[in-house]
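User: I would like to understand how the words used for a protein model follow from its values. Could we take the terms one at a time, each with its cut-offs?

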Amino acid sequence: MRIAIDAMGGDHAPDVVVAGAIEAAREWSDTTITLVGDSNRIEAMLGDAKPANLEVRHAGEKIEADDEPVKAVRRKKDASMVVAGRMVREREADAMISAGNTGALMTMGILVVGRMKGISRPALAPMIPTLDGKGILALDLGANMDSSAEELTQYAIMGSIYRKKVEGIAKPRVGLLNVGTEAMKGNEVTKAAYGLLEQAPIHFLGNVESRDVLNGPCDVLVCDGFAGNIMLKSLEGAASTIFSALKTELRRNFMTKLAAAVLKPGLMKFRSSFDYAEHGAAPLLGIDGLVLKSHGSSNAMAIKNAVRQARIAIQNDLVQSISREISNGSEM
């Protein structure tokens with residue numbers, strides 16, 4: 001098993017990326033991990049701690065957070081993200097991981113790795129935490145601002161296969177993000193998508209309102225990138241505000257501090273369920289190769305967990321399964 005990691009992508013690269021890669025290499029000795037980036041900097045960080053199954057591939061450029069995606073991918077042929085993508089395309093790696101520029105990663109996936117046959121637009125599919133701990137795979141949450149009814153249906157099929165293959169859910173429940181649960185609610189796209197989803201080879205439950213998402217009404221949530229990203233940022237903002245307010249209240253006086261000491265283990269467990277580091281990375285589904293996007297602020301734990309996700313996806317033939325389903329249109 002071979003996994004390439006863009007060592008220069010992310011807010012804290014390459015330090016945390018290298019640290020996470022070392023931890024992953026030590027945990028999974030059957031996996032060869034290749035760090036792609038400035039070899040001098042990476043090798044200096046590795047030192048004597050370099051595991052035998054960790055390699056370095058030099059890349060002299062990097063794609064910055066503020067780079068225009070298409071121009072950056074086309075002009076920076078030796079960027080770490082692009083080199084890692086070529087490794088996937090040329091089957092030198094079974095998967096790649098990057099915490100870099102999301103737009104550039106999507107562009108690289110399409111232009112370098114290539115789009116899967118039969119897929120109009122690949123989708124970014126992060127996991128949204130839920131109160132039951134199972135989470136919801138939501139797609140698309142930012143890669144495509146507008147999506148057609150047919151593309152939403154493709155998202156549903158890809159997301160359903162992902163949860164089945166990677167998460168082991170036998171019959172993933174699929175919901176369509178909408179302003180109401182009634183079948184005819186929404187705009188023209190969601191109304192058309194509803195009819196297509198009813199006919200698709202998935203377990204479609206119907207419309208889901210954003211207020212219910214954290215309660216885990218489905219396993220896969222389908223939406224366009226515009227509505228999905230607004231929903232995601234709203235949830236992240238609300239969670240951050242609630243935890244901040246709670247922290248202030250529990251520090252208010254001696255009695256609340258005592259209460260905080262009792263509640264701390266439960267609160268820490270609850271907070272960790274909303275931590276992106278626990279989930280590792282979001283797959284770009286619809287790319288003809290396994291590409292995962294880690295959070296820009298990823299720490300070493302998030303990188304390690306991204307490797308874990310990649311391993312599971314590889315072991316369960318995720319990309320091949322999606323390709324077969326899209327090509328054949330057979331029942332799941």
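Analyst: We can begin with Gly-37, which is buried, with a relative accessible area of 0%. This is a predicted model, in which local features need pLDDT of at least 70 and side-chain atom pairs count only at pLDDT 80 or more, while totals for chains, interfaces and linings use all residues. Residues are numbered from 1 along each chain as its sequence is written, and side-chain values use heavy atoms, with hydrogens and water left out.

User: Why is Gly-37 called buried?

Analyst: Buried means under 20% relative accessible area, exposed means over 50%, and partly exposed lies in between, with a 1.4 Å probe and protein chains only. The value for Gly-37 is 0%, so this residue counts as buried.

User: Where is Gly-37 placed, and what makes its strand largely enclosed?

Analyst: Gly-37 is in strand β2, where strands (E, at least two residues) and helices (H or I, at least four) are DSSP runs numbered from the N terminus. Of the 6 residues of β2 (residues 32-37), 5 are buried, and therefore the strand is largely enclosed by the rest of the structure.

User: Which residues is Gly-37 in contact with, leaving aside its neighbours within four places in sequence?

Analyst: Contact means heavy atoms within 4.5 Å, and with those neighbours left aside Gly-37 is in contact with Met-8, Ile-42, Arg-57, His-58, Ala-59 and Ser-80. A separate value concerns Val-83, which is 46 residues apart from Gly-37 along the chain, with 8.7 Å between their C-alpha atoms.

User: How do you know that β1 and β2 pair?

Analyst: Two strands pair if DSSP finds at least two bridges between them. Strand β1 (residues 2-6) is joined to β2 by 5 bridges, and the two run parallel; one of the bridges has Ala-4 with Thr-34 in β2 as its partner.

User: What makes β6 and β9 edge strands?

Analyst: Five strands form an open sheet with mixed pairing, in the order β6-β7-β10-β8-β9. Both β6 (127-128) and β9 (203-208) pair on one side only, and they are the edge strands. Within this order, β8 (residues 173-177) and β10 (residues 220-222) run parallel and are joined by 3 bridges, and Gly-175 has Leu-221 in β10 as its bridge partner.

User: Which residues meet where α1 and α2 are in contact?

Analyst: From α1, Asp-15, Val-18 and Ile-22 meet Ile-42, Met-45 and Leu-46 of α2.

User: Why is Arg-91 called partly exposed, and what is noted about its phi?

Analyst: Arg-91 has a relative accessible area of 48%, so it falls in the partly exposed class. Its phi is near 65°, a positive value in a residue other than glycine, and Arg-91 lies in the loop between α4 (80-89) and β4 (95-98).

User: What makes Asp-317 partly exposed?

Analyst: The relative accessible area of Asp-317 is 38%, and therefore this residue is partly exposed. Asp-317 also has a positive phi of about 50° although it is not a glycine.
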